[in-house]
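Please keep the sequence and the 3D view at hand while reading the points below.

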Amino acid sequence: MPQEQTTIAALSQPPSNDMSGEAVEHLIFAVTDVEDLRRNGPVILAQGSGIRVTDLDGRSYVDMIGSGSRANSLGYGREDLARAYHDQALRMHFPGTGNFTTEPTIRLAKTLAQITPGDLSRCFFTSGGSEAVESALKLAKASQQDSGRKPRAYKVISRWNAYHGSTMGAMSVTNWLSVAQSTEPRVPGVSFVPSPKNYRNPLGLSEESFAEVCARALERQILLEGPDQVAAFIAEPVMQADGVQIAPRSYWEQVREICDRYGVYLIIDEVICGFGRTGKWFASEHFGIRPDLMTMAKAMTAGYAPMGCAIAAEAVAAPIGHFRHVHTYSGHPACAAVANAVIATKAKNGLVEQAGARGPRILAQLKAEVEPLAIVGQVRGLGHWHAIEFTADKATRAVFTDNTVVAVRDRLRRKGVMVGIVGQSLEIAPPLIATDTEIFDAIAIIAEAIREIAAERGLDRG
Ligand SMILES: Cc1ncc(COP(=O)(O)O)c(C=O)c1O
């Protein structure tokens, strides 16, 4: 059959209840192991309301992970957010790029300047997080070079385990082993230093001592690369890899001081942390971080429209006479209208403050109910974002080399609770609109699933 006819035939068919075969045949799934896909199939969601979603077969799940990529911060089926997009699309859906812009985009930039920490005030909008990182890296290099302070600065330092996105520049500053290998050869000029680590670190030091080692490693690396060639250091304020990794405030103070000493811009990647996930508008606020540039996306539009942003301090943006960088949908007005509505809703309903106040109660419940379980090493987190890190041996903190962690996630899916796994950790990140009952009931089911898997594998006997 000619290609054209196949496409039209596929479009005109009503959705069948089991589209798994077609999904596997026609889609390339992001970061999904083919074996996993064969075992569990794709999850084909049909509709959602609040924090509940229903798949094509009518099975219902509680979304405890903000739609798998932590973007969903306000739940499903929101008419206000759909309408924000709809109304702006009818008024002026797309003005073009370059020097064309619109009122909602300008309003969004002004709001972001107000709610982001420190002196950040100049926005470059994108369609997602990876593009935001690309833009921030280019802004940093352009500023260093155009200001005349560092005409040869092209190098960037990143951290072990970092995830900053999938486009070539963003992937080149990524060091998360499960995705990093596929990118060779990388963009030149990137090097990596160790990043603080909770629970297990490669030197077996205390968390505080290892964080100190990591900060000193940054200074050594800047000296090694040549300070006049290093444009920026990029870091997530709370790292996702290995599950909600939280560094001490002292680490960030040292990082800021080192970056200032050598004129290196500090790029803080808030793509996954921003817009309330950690109980503050931006996770940087927990640690008093003053970024020179910051990236954001995901919860910025609560998943209702694709949008990201790189925001720079005036001192960074000012020297750039002509930013030679473009994304067609930069500042898309309908996406900006959604972002404005998302920010307004969160502010009006105090959802960020609510997440901040809930964080310690969620952590206390996890510590009481989950951390004592035989295969759990540590629970940690803040706001609406927590990790449960597993271990095969509490005494040695050994990792699981089999599929125990995946088995817990799969069991939870069968029990109707969606969570994420990252490394040896299970991650929970419920939308900010989740109720106390929804969250604490889900924690009880999580504890039950972990107990069951431990018992079935004979791992519950200490
Ligand atoms: C910290 C961080 N930066 C960048 C990205 C890339 O964002 P996107 O997937 O929207 O391109 C992600 C995505 O998970 C992220 O977590």
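In the hairpin formed by S16 and S17, two residues lie between the strands, and Gly423 adopts a positive phi near 60°. The model is predicted. The points below begin with this hairpin and then turn to the domains, the nonpolar core and the ligand.

**The hairpin and its neighbouring strand**

- Strand S16 (residues 420-422) and S17 run antiparallel and are joined by three bridges.
- Within this pairing, Ile421 has Leu426 in S17 as its bridge partner.
- S17 also pairs with strand S14 (residues 385-390), in the antiparallel sense and over four bridges.
- Are the residues on the two faces of strand S17 (residues 425-428) buried or exposed? Ser425 and Glu427 on one side are buried, as are Leu426 and Ile428 on the other, and both faces of the strand are covered.

- The domain assignment of the chain gives domain 1 (43-72 + 350-456) and domain 2 (80-348).
- Taken over C-alpha atoms, the centres of domain 1 and domain 2 are 27 Å apart.
- Domain 1 brings 29 residues to the contact, and domain 2 brings 22 residues.
- On the side of domain 1 that touches domain 2, the elements giving two or more residues are helix H4 (66-70), helix H15 (351-369), strand S13 (376-382), S14 and S17.
- The residues on that side of domain 1 comprise ten nonpolar, 14 polar and five charged.

**The largest nonpolar core**

- In soluble globular proteins, nonpolar side chains tend to be buried together.
- The largest nonpolar core of this model has 132 residues, of which Leu139, Ala232, Tyr265, Leu293, Cys309, Val338 and Ile450 touch the most other members.
- Leaving aside residues up to four places away in sequence, Ile450 touches Val370, Leu373, Ile375, Val376 and Val408.

**The surroundings of the ligand**

- Around the ligand there are 14 residues, and those that come nearest are Gly128, Gly129, Ser130, Gly165 and Val271.
- Which helix gives the most to the shell around the ligand? Helix H7 (residues 129-146) does, with three residues.
- Sorted by class, this shell around the ligand contains five nonpolar, seven polar and two charged residues.

Definitions and conventions
Residues numbered from 1 in each chain as written. Predicted model: local features only at pLDDT ≥ 70, side-chain atom pairs only at ≥ 80, totals over all residues. Near = placed C-beta within 6 Å. Nonpolar A, V, L, I, M, F, W, Y, C, P; charged D, E, K, R; others polar. Buried ≥ 20, exposed ≤ 12 C-beta atoms within 10 Å, placed from the backbone. Pairing = 2+ DSSP bridges. Domains from an automatic or database assignment. Contact = placed C-beta atoms within 7 Å. Core = buried A, V, L, I, M, F, W, Y, C linked by C-beta atoms within 7 Å.
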